[in-house]
There are 2 protein chains.
Amino acid sequence: MRQLPEPSRKRLVQLAKVLEQHRCGEALTLTSEKLGELTGWTQHTIRRDISHLGIRCGSPNGYPADTLLAAIYETLGIAAEQERRHACCIVGLGRLGQAFLSGELFSASPFVLAAGFDKNVNRIETLKTAFPLYPQSRMRGVIAQGAIEYALLTTEDADAPAAARQLIDCGIKGIVNYTAAVLPRGEQTLIENVSPITALTNMLR
Amino acid sequence: MRQLPEPSRKRLVQLAKVLEQHRCGEALTLTSEKLGELTGWTQHTIRRDISHLGIRCGSPNGYPADTLLAAIYETLGIAAEQERRHACCIVGLGRLGQAFLSGELFSASPFVLAAGFDKNVNRIETLKTAFPLYPQSRMRGVIAQGAIEYALLTTEDADAPAAARQLIDCGIKGIVNYTAAVLPRGEQTLIENVSPITALTNMLR
């Protein structure tokens, strides 16, 4: 897979969403000017991001939407595994975790929510979900058996580092950290820190 | 303010959190090796990030924690405005928005939650919060009067682009987008996309 600069990768994820929305519309080709309007990025940025895809499909009429979308999928590693959806789990089923339990959240995505974990056994027994819930102590077995690759971390802040350590020990590929805690790192595990304070601080300037 | 590469900026935000936690401990200096253990980054990465701070405080004993933290605050633009906290609002008070209403979330941060908005007036009247809630139609006046700078966007996906447009028209500095919608961009408005699907897709490789 190509080595993409991280900001380009993130913009291409957004660009794919814009193209998905437009595929249902009438536009078969989109100019970089139009893509600029839809995303807010400069045409220069858009052309440079697209140059990472290693395709030549631009014309005075613009980029064919389908070709561009397929190239982004391939570069992001989605296309090759399109039949297979990536299994995810959610760790921490308090108010925040529960807000992410809606089944629709993961529909039309390359991910599927396959399991939930919580320290609190009462919570596990009372919540109604479309996928099974387990006590956190059973994490290792469930993750291995379900081939779970990614986790959303929505525990209390104080419980987050220990839960992340467990996930890392299970060989999880990536953790989306919705807590304010700084997590331990594993060599194989990516971490996206997306708590409100972290996201706001990232924007301060 | 110095132009920082985005990945360095994000790592420095995390590094500041690690240092804040350690200030309460006994370590007055931290070697890049120790910082590597605490964050999971290589010593090379850590030294390069610290080099952006424009300070010379490394010694064989490591970096003085307080000096390093102050330099990070200054570079991120937190220190200069330490007395002043940045006013934020939350738009969308459904399950996800409500999960972020806890007062503790923003304590010990340079941000303060100053207002909440929702289309649904019933919701505004029944929720109990430490700050005032308003119907979304009053956004412009409330944001101007409260000098609100940042927003957490937690509406339904379908309502998100229109809400973002309103926020951009109000001149908001940054939006943390917890919805799956692709938002319109404003010239002055930064956007951090942190929905589960976006964050997971960013990690796919």
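1. Strands 6 and 7 of chain B. In this predicted model, strand 6 of chain B and strand 7 (residues 174-177) of chain B run parallel and are joined by four bridges; strands are taken as paired if DSSP finds at least two bridges between them. B:Leu153 lies opposite B:Asn177 of strand 7 of chain B. Helices (H or I, at least four residues) and strands (E, at least two) are DSSP runs, numbered from the N terminus.

2. Basis of the values. The model is predicted, and local features need pLDDT of at least 70, side-chain atom pairs count only at pLDDT 80 or more, and totals for chains, interfaces and linings use all residues. Residues are numbered from 1 along each chain as its sequence is written, chains are lettered from A and ligands numbered from 1 in the order in which they are written, and side-chain values use heavy atoms, with hydrogens and water left out.

3. The sheet of chain B. The six strands form an open sheet in the order 5-4-3-6-7-8, with parallel pairing. Strand 5 (133-135) and strand 8 (190-193) of chain B each have a single partner strand and stand at the edges, so one side of each lacks a neighbour in the sheet. On average, neighbouring strands of this sheet are turned by 25 degrees against each other, direction ignored. Helix 8 of chain B packs on the sheet and touches strand 3 (86-91), strand 6 and strand 7 of chain B; contact means heavy atoms within 4.5 Å. The direction of helix 8 makes about 175 degrees with that of strand 6 of chain B. Axes are lines fitted to C-alpha atoms, for helices over the stretch in contact, and angles run from 0 to 180 degrees between N-to-C directions.

4. B:Thr155. This residue belongs to the loop between strand 6 (150-153) and helix 8 (160-169) of chain B. B:Thr155 counts as buried because its relative accessibility is 14%; buried means under 20% relative accessible area, exposed over 50%, and partly exposed in between (1.4 Å probe, protein chains only). Its side chain reaches the backbone nitrogen of B:Ala160 at 3.5 Å. Apart from neighbours within four places in sequence, B:Thr155 has contacts with B:Val91, B:Gly92, B:Ala160, B:Ala163 and B:Thr179.

5. Strand 3 of chain A. Six of the six residues of strand 3 (residues 86-91) of chain A are buried, so this strand is largely enclosed by the rest of the structure. In a regular strand the side chains alternate between the two faces of the sheet. Here A:His86, A:Cys88 and A:Ile90 point one way, while A:Ala87, A:Cys89 and A:Val91 point the other way, and all are buried. Six bridges pair strand 3 of chain A with strand 4 (residues 111-118) of chain A in the parallel sense, and A:His86 has A:Phe111 as its bridge partner in strand 4. Strand 3 of chain A is also joined to strand 6 (residues 150-153) of chain A by four bridges, again running parallel, with A:Cys89 opposite A:Ala151.

6. Helix 2 of chain B. The buried residues of helix 2 (residues 32-39) of chain B are B:Ser32, B:Leu35, B:Gly36 and B:Thr39. They cover an arc of only 105 degrees around the axis, which puts them on the same side of helix 2 of chain B; the arc is that of the directions from the helix axis to the C-beta atoms. B:Gly40 follows this helix, and its phi is positive, near 85 degrees.

7. A:Ala147 has phi near 50 degrees, a positive value in a residue other than glycine. It is found in the loop between helix 7 (139-145) and strand 6 of chain A, and is exposed, with a relative accessible area of 52%. For B:Ala147, phi is likewise near 50 degrees, and the relative accessible area of 52% makes B:Ala147 exposed.

8. Chain A overall. Chain A contains nine helices and eight strands, and its C-alpha trace spans about 60 × 40 × 30 Å along its principal axes. Of its 205 residues, 52% count as buried.

9. Relation of the two chains. Chain A is superposed on chain B by a rotation of 180 degrees with 0.0 Å of shift along its axis (RMSD 0.1 Å). That is the relation of a two-fold axis. The superposition is by least squares on the C-alpha atoms of residues with pLDDT of at least 70 in both copies. The copies meet through the same surface, because 98% of the interface residues of chain A are also interface residues in chain B.

Notes. Polar contact = N/O pair within 3.5 Å; in protein donor to acceptor, adjacent residues only side chain to side chain.
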